[in-house]
Amino acid sequence: MKRKLEISELIFKIISYTLLTIFAVCCLYPFLYAISASISGRHAVEYNDLILFPKDIQFDAFSKMFNDNMFWNAYTNTLFITFYGTIWALFTSIFGAYALSKKRLLFRKGFNFFLVFTMWFSAGLVPQYLNYLDTKRVFNAVGIMDDKWLVVIAMGMAAMNIILLRNSFEGVPSEIEEAAIVDGATEMQVLWRVYIPMSKSIIATVALFFGISRWNGYFWARQMISNSNEHPLQVFIRLKLEQYTDPEQMAAWNEAYASDSVIYALIVCSIVPILIIYPFIQKYFAKGVNVGGVKE
Amino acid sequence: MQLNATDYLIFDEESGTYIENPEQVVRDDVEKHHWLNVLKTVLKDWRLYLMLVPMLLVFLLWRYFPMYELLGCFKVTDEVKPVAEQFFSGFSYFKQLLVGAGTLTTEFWRAFRNTFLLSFYGLCFGFPMPIIIALFFNEIRSNILRSTYQVMTYLPKFMSTVVMTSLVMMLVKQGSLTSGTGILSQLLVQLGLISGDTAYAGLMNDPNFFRAIYQISGIWEGAGYDSIVFFAAIIAISPTSYEAAQIDGAGKMSQMRYVVLPCILSTIVIMLITRIGSLLNIGYEKVLLLYNPNTYVTADVVSTFANRYGITGTMKGLASAAEMMNNVIGMLLVIGANTISRKASDVSLY
């Protein structure tokens, strides 16, 4: 009996190690290939001469991009949108979630429903598009000509994140708040000195959700930002991809490196910042998933 | 309004007695003096209500105004008719989409079918993967090795849709006079899974492959990350349960069947219900980035249909009507799923 047990366990262990290794390698391989392809010579890229390690190493594709002002523009724009967008979203969410977490708030159920309903039903792309166009017109009329502010302010709020924050604030023991009020703290001080420090990790998680969605935002940025100098990185990558994979446009390509290398180089550039901060933020992401099952 | 006993009194665990519900105190207060008192309560606590304002404004302006504009989309601008009749003329769009005879009707039904099928296949193939991966993670005893695997498999989730789709398109790109096909296409040809001609024409241009590409890239992107929640449920199982099963002579498979599965079943059910609830909310961005006119047959979903006719094209009313039908059915699914979840496991998702 004992013997049979060990065999079945061993087999399962071997299977899981093997399949997991295969899956992990498959997850990682496209990125490694992109890095190799971005620095390989033209023939190696075009005729799939490289499997994993780069061949005929060149850095012309990278230098072509680094010399492109539009690329740096796009990068700055993405940083701008990510930074201000995250701050704006956090500002509105934290204040809103704090107020919603208070039992003494009137019409609390109504406000909650107001939020949750947006998770159930959205008006759809076309009305949203018309609405953003109107907003853009208003913004231009009051003198904000930079469409990036439209992306920062009007887009990217998520009811789910506010509910995560609200639940976390509700978990703060009321005794601590009462103690602070007895000591003469105002509403702002209670929020700033009690609630925010006590839910640091969930705020970090929510900030991360907002930040990543801003960094990755594509569709509305492309629709709404008319000046190509203000395009964020994702739009820039997509436009380049459309240009560089068009066989007609690329027929006259006569550089020493493949046109695909430029695309791969772009992809590498856009994932490098995420790769750098990835080890530090990964645990917050795991946390966000585990608190996802929420109750009303 | 239905009131429960807990609305008046709540059990205070600290003192072990029932105390008055603070919400009810406010309600009583309001009821006594009506709206004047509402105003007074708000004024007394004005800071709290001021904090609510930015959030409400954002949601009102950019979530609820579009819903109002949705009504405007159905208005056929006809100044002779009174306003009420103008609104009702909007129903002609629904009629045209559902029972019309033109290409628009066929395209709409195709888009609706594709939306459903893409989600459904995602449910069949994409949903079990994270569970399997979580089970495998549980087998790895070394913490360092497991963390390495976790870092590797979560990584694709952090990539933007644009980068992800760009990589996919490059890996299966079509061949041309000057260059070969993408490396993944080449591998598939060498394995004998697809013919050389198909690979040369480009898998992205072949409607037969769109759904497979969509699902496989979805698994690549999300399976590792989605396994977190299942893995958390598995490691919460007490080791004594396994020991008890082992003493009773359970092999690995029996342990899976009688220990692990029952323990994570509630998590699976909740995730499954959420998944069913969002069956019609397909991420339009990914489809929009992956599809092209050659693959409309299998790739066109309702959102992209609306995008093509309403934003790129000029048929705003028609496109809105199509998407609204989709979203209303989607909403009913979410609410239905949530109700079932509440009945089945006392867990309400919202």
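Visitor: Among contacts in chain B between residues at least 6 apart in sequence, what percentage join residues at least 24 apart?

Guide: Two residues are in contact if their C-beta atoms, placed from the backbone, lie within 7 Å. In chain B, 58% of the contacts between residues at least 6 apart in sequence join residues at least 24 apart. Please keep in mind that this is a predicted model, where local features need pLDDT of at least 70, side-chain atom pairs count only at pLDDT 80 or more, and totals for chains, interfaces and linings use all residues. Residues are numbered from 1 along each chain as its sequence is written, while chains are lettered from A and ligands numbered from 1 in the order in which they are written.

Visitor: How many helices and strands are there in chain B?

Guide: Helices (H or I, at least four residues) and strands (E, at least two) are DSSP runs, numbered from the N terminus. Chain B has 18 helices and two strands.

Visitor: Which residues does the largest nonpolar core list as having the most contacts inside it?

Guide: In soluble globular proteins, nonpolar side chains tend to be buried together. A residue is buried if 20 or more other C-beta atoms lie within 10 Å of its own, exposed if 12 or fewer, and partly exposed in between, with C-beta atoms placed from the backbone. A nonpolar core is a set of buried Ala, Val, Leu, Ile, Met, Phe, Trp, Tyr and Cys residues joined through C-beta atoms within 7 Å. Here the largest one has 142 residues, and those with the most contacts inside it are A:Tyr98, A:Ile267 and B:Ala322. Its largest share, 13 residues, comes from helix H12 (residues 207-235) of chain B. Leaving aside neighbours within four places in sequence, B:Ala322 is in contact with B:Leu97, B:Phe108, B:Val302, B:Phe305 and B:Ala306. Of the 350 residues in chain B, 36% are buried.

Visitor: How many residues does the contact take from chain A and from chain B?

Guide: Chain A contributes 82 residues and chain B 80 residues. H1(A) gives the most to the side of chain A that touches chain B, with 17 residues. That side divides into 51 nonpolar, 19 polar and twelve charged residues. Ala, Val, Leu, Ile, Met, Phe, Trp, Tyr, Cys and Pro count as nonpolar, Asp, Glu, Lys and Arg as charged, and the others, Gly among them, as polar.

Visitor: At what angle do the axes of H6(A) and H17(B) cross?

Guide: Two packed helices are described by the angle between their axes and the distance between the axes. Axes are lines fitted to C-alpha atoms, for helices over the stretch in contact, and angles run from 0 to 180 degrees between N-to-C directions. The axes of H6(A) and H17(B) (residues 302-312) cross at roughly 45° and come within 9 Å. H6(A) and H17(B) are therefore oblique to each other; angles under 35 degrees count as roughly parallel, over 145 as roughly antiparallel, 65 to 115 as roughly perpendicular and the rest as oblique. A:Leu125, A:Val126 and A:Tyr129 meet B:Ser303, B:Ala306, B:Asn307, B:Gly310 and B:Ile311.

Visitor: Is B:Arg308 buried or partly exposed?

Guide: B:Arg308, placed in helix H17 of chain B, counts as partly exposed, with 18 C-beta neighbours inside 10 Å.

Visitor: Where is A:Asp56 found?

Guide: Most residues other than glycine have a negative phi, and most peptide bonds are trans. A:Asp56 has a positive phi of about 45° although it is not a glycine, and is found in the loop between helix H2 (42-46) and helix H3 (60-66) of chain A. A:Phe107 also has a positive phi, near 55°, and lies in the loop between H4 and H5 of chain A.
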